[in-house]
Amino acid sequence: MTGYLLRRVVQAVFIVIVVTMIVFGLLQLLPGGPAHAVLGSRATPAAVAAFDKANGLDNPVYVQYGIWFSHLVQGNLGYSYNQNQSVISLIGERLPKTLALTITAVILAMVVGVTIGTVQAIRRNRAFDYAATSVGFLFYSFPPFFLALLLIILLAVDTHLLPAQAPQASSVWTVLSDPRALILPVVTLAVGGVAIFSRYMRSSVIDNLLQDYVRTARAKGVGSVRLLVVHVLRNALLPVVTLIGLFLPLLLSGAVVVESVFNYPGMGLLFWNAATSRDYPTELGVTVLAGVLTVVGSLVADILYAVLDPRVKYVSR
Amino acid sequence: MGDWCRRKARTGALCVFVSAALFAAGCGGSSHGGSPTTASGPPVKGGEVSFALPAGNSPNMILPFFGAAYIGNANTMDFMALMYRPLYYLDGQTFQLDEEKSLAAPPVYNSARTAVTIQMKRWHWSDGEPVSPKDVAFFIALAKTETANWWAAVPGLFPANVKSVSYDDAANSFTLHLTGPVNPDWFTYNQLSLIQPMPLAWDITGPGKKANCTDEDVAAEASECPKVYNYLESQAKSTSTYATNKLWQVVNGPWRLKSFSPGGTSVVLVPNTSYSGSDKPHISEFQLESFTSEQAEYNVLRSGTSLTVGYLPFIDAPQKPTNGGGGPNPVSGYNLEPWFSWALNYINVNFNNPVTGPVEHQLYFRQALQYLTDQNTWIKDAYNGYAAPDFGGVPNQPSTPYLTSYVQNAPYGFDVAKAKSLITSHGWTISGSGPATCTSPGTGSGECGAGVKAGTPLSFSLTYPAGQESVSTELQDYQSKLREVGIQVTLRTLPLNALFATALPCTPKQSTCNWGMVDFGGPDSYDPFWYPDDGLEFSCGAPANTSSYCNPALDKIYANQVYRNPGLAALHEVENLVTQDAAFVFIPVPDGQLTEVRSNLGGYTQSGTMAIAPEDWYFTSGS
């Protein structure tokens with residue numbers, strides 16, 4: 001297991017480095033440079049030259065990459081002129097807020113989705129199953145932007161039951177301490193996940209209910225509740241758990257729409273705005289983070305799979 | 001002189017304040033900026049005002065001496081100017097010097113127009129120090145030594161056009177000795193408007209390390225000012241300490257900073273109790289709120305929560321009644337007040353594009369482009385009535401002494417027949433739905449013109465910022481009008497910053513010179529270059545001349561008359577020449593913002609400069 005982990009970590013580092021090289025290279029292909037994007041189209045050549053020199057943009061691309069990478073190794077992701085802040089501090093501000101929102105949404109989606117999916121499987125091909133399937137497809141196909149607006153109009157504009165924007169505090173604890181303001185953005189984010197988790201869970205529980213071990217357990221007199229909770233759910237959760245691992249990178253980018261509609265500046269918007277404003281340091285910083293999260297998510301999924309399923313062993317060959 | 005800052009109304013604003021800015025005496029002073037709101041009930045002291053910033057904008061710079069990267073209303077008009085007053089402040093209603101808010105009396109020029117004396121008022125900074133000529137000397141010294149870090153630095157202009165400065169600290173005045181005679185209006189509105197006195201408390205290179213960056217000691221400034229600037233800039237980069245750093249608490253404006261949340265998403269200012277001006281704040285707290293999108297702001301506004309001053313997205317605006325004023329307001333409890341900005345709006349054509357440039361050099365072609373701007377329809381359909389027509393080098397509204405009757409009368413007003421006639425009478429053949437082609441090349445009468453080869457199609461690209469519905473509607477209609485006369489235009493979109501980085505002045509040999517026409521999606525504000533000569537945009541090789549338009553006759557007028565001779569004759573000549581030459585495709589100027597003001601907020605006015613003055617606002621009883 002340790003050897004496997006080490007190999008995966010080395011692979012992960014390599015992948016992240018390759019990702020940064022590709023992104024760095026792609027950014028160079030964009031027409032126009034960051035100087036004009038930051039200084040405006042009317043910047044004088046002297047101002048552009050000064051900007052390029054100050055930011056090392058007058059060096060060859062490979063030199064720029066080398067400088068950037070050496071800074072990265074030291075934990076310095078660069079400086080965003082658009083935001084007048086270091087990229088690391090920008091991420092430090094935004095990441096916890098996005099994680100607070102998206103993790104809450106994923107937990108909600110998982111709890112509700114797993115519950116609904118399990119009940120569907122137990123009562124498959126009955127009224128509840130059909131209804132939940134229909135609603136699940138509806139939720140899955142709902143564009144988050146539309147759903148967010150619908151919820152805002154119904155619950156904030158028309159009835160004033162809930163705030164129209166997410167908590168505006170800058171610290172995670174203060175954000176979490178305003179649950180009323182979190183309801184709409186979390187629900188908007190969670191709805192699609194509920195549909196996904198419930199579909200996965202339904203089919204997984206149905207698969208397990210048809211397994212020999214279930215029949216054996218029943219024959220041995222195990223009660224229905226115990227059978228479901230102790231035996232079936234543990235096995236049925238396997239695909240859902242791996243799904244969570246793969247969800248990690250999506251936590252960063254998936255909230256763009258919700259962040260935009262609910263006035264909640266997080267990682268998604270940070271990357272979107274950086275991309276549209278040619279904020280290279282921020283783009284690269286967020287890309288590195290997303291790359292790390294992707295490989296870590298994949299690794300976590302694999303490890304969890306092994307932990308939950310004793311049949312899976314990672315051995316050196 | 002036009003600006004080089006682009007703004008899409010207030011949203012996505014990229015303009016500057018330094019605002020000083022004055023307008024020539026005798027300006028029309030129309031009420032386009034809006035008169036104060038008429039909240040009923042007597043004013044009450046105190047209360048908190050929350051003010052919605054344009055979507056995607058939040059302050060990120062506090063030092064009022066900054067590079068072009070930090071130009072934007074959120075930094076300047078809405079933030080710095082409330083704490084740090086410029087030397088001269090423009091009244092955005094009358095377009096004249098606001099003597100109450102300015103730090104000095106109107107400038108006095110000598111008869112030769114080679115020197116100007118400025119008498120400062122006896123105001124004080126919040127640390128008790130007087131606002132004096134020394135503060136101006138500090139600013140001028142920085143402007144001279146840190147040109148690369150000052151957004152307004154233009155070779156040959158301020159402070160390079162100042163030969164020397166004599167400071168009379170006892171009399172609280174200073175005199176600028178100029179390198180030659182100047183047009184007083186131009187110099188006041190476009191050069192003095194840049195001066196931003198800075199407190200001596202900032203003349204340090206570290207905590208307690210006093211420096212000597214002042215133009216009163218020319219020998220020391222070269223060595224001292226860079227160190228001072230580096231220190232101030234380093235402090236200004238620490239946005240998390242804006243509210244706690246003692247440097248930034250030294251203010252001369254009516255407000256001081258109380259809190260500054262990370263990323264500037266929420267900024268709270270409170271009254272400066274030491275403010276010397278008579279326009280002391282009535283409200284107890286002023287909060288700037290940033291929004292991730294217009295939709296988010298509008299949702300908050302409609303949910304009836306905290307916003308005192310917000311805005312209505314253009315896409316949600318009701319049709320404006322033809323009798324003026326705002327239309328029916330979809331938000332209850334608020335007054336809808338369109339915010340007009342005094343600005344130009346135009347499409348740039350790339351004169352140096354190696355393929356399409358020869359056609360764009362033809363006057364008849366540019367005239368046709370202008371004839372096809374159906375401005376009344378666009379104002380009605382694309383902007384729901386919240387825009388004003390623009391036919392030439394000076395905005396048509398409001399009526400100012402700068403505006404000539406020639407421009408006012410729209411020499412190339414919408415006329416498809418005339419446009420078609422211009423095209424067909426110059427050697428172009430329109431066939432079917434495709435682009436017209438040049439069938440009579442040559443330079444003679446009735447021929448396509450110099451450099452245009454036989455078979456050349458009238459085919460161009462027109463790029464504009466993505467996500468701007470009104471602009472998109474406008475340009476789609478323009479595209480169909482152009483098609484009627486055989487001009488085929490392909491519309492493309494790019495993110496605004498990408499457009500800035502792409503549509504640059506260029507030479508035909510540069511590979512990046514392949515853009516055809518560009519609409520930056522919003523008007524060009526004059527701020528803070530309020531004398532509307534547009535020299536930074538229209539003169540040959542000017543830094544803001546995106547089109548690479550070049551008319552030597554125009555340059556002569558600029559150099560010999562506009563900047564030197566008093567009076568408006570030269571300015572009128574420039575304006576008429578640019579308009580007659582159809583140098584740019586002038587299009588309607590949309591309102592800067594459709595403001596929603598809570599109905600119990602009094603004293604609220606909207607400045608044509610886009611500046612805000614929360615010190616004048618108050619709640620009425622019952623709020």
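Tyr402(B) is found in the loop between strand β18 (387–388) and helix α9 (405–408) of chain B. Helices (H or I, at least four residues) and strands (E, at least two) are DSSP runs, numbered from the N terminus. The structure is a predicted model, in which local features need pLDDT of at least 70 and side-chain atom pairs count only at pLDDT 80 or more, while totals for chains, interfaces and linings use all residues. Residues are numbered from 1 along each chain as its sequence is written, and chains are lettered from A and ligands numbered from 1 in the order in which they are written.

Is Tyr402(B) buried or exposed? Tyr402(B) is buried, because 21 other C-beta atoms lie within 10 Å. A residue is called buried if 20 or more other C-beta atoms lie within 10 Å of its own, exposed if 12 or fewer, and partly exposed in between, with C-beta atoms placed from the backbone. Leaving aside neighbours within four places in sequence, Tyr402(B) is in contact with Val394(B), Pro532(B), Leu568(B) and Leu571(B). Contact here means that the C-beta atoms of two residues, placed from the backbone, lie within 7 Å. Asp127(B) is 275 residues from Tyr402(B) along the chain, and 42 Å separate their C-alpha atoms.

**Strand β17 of chain B**

In strand β17 (residues 346–349) of chain B, Tyr346(B) and Asn348(B) point one way, Ile347(B) and Val349(B) point the other way, and all are buried. In a regular strand the side chains alternate between the two faces of the sheet.

**The largest nonpolar core**

The largest nonpolar core has 247 residues, of which Leu142(B) and Ala368(B) touch the most other members. Domain 1 (2–83) and domain 2 (88–308) of chain A both give residues to this core, so it lies between them. Such a core is a set of buried Ala, Val, Leu, Ile, Met, Phe, Trp, Tyr and Cys residues joined through C-beta atoms within 7 Å. Not counting residues up to four places away in sequence, Leu142(B) touches Phe65(B), Cys213(B), Cys225(B) and Tyr229(B).

**The domains of chain A**

The bounds of the two domains come from an automatic or database domain assignment. Their centres, taken over C-alpha atoms, are separated by 32 Å. Across the boundary, 21 residues of domain 1 of chain A are in contact with 17 residues of domain 2 of chain A. On the side of domain 1 that touches domain 2, the largest share, nine residues, comes from α1(A). That side divides into 13 nonpolar, seven polar and one charged residue. Here Ala, Val, Leu, Ile, Met, Phe, Trp, Tyr, Cys and Pro count as nonpolar, Asp, Glu, Lys and Arg as charged, and the others, Gly among them, as polar.

**Contact between chains A and B**

The contact takes 41 residues from chain A and 42 residues from chain B. On the side of chain A that touches chain B, α2(A) gives the most, with four residues. The residues of this side comprise 19 nonpolar, 18 polar and four charged.
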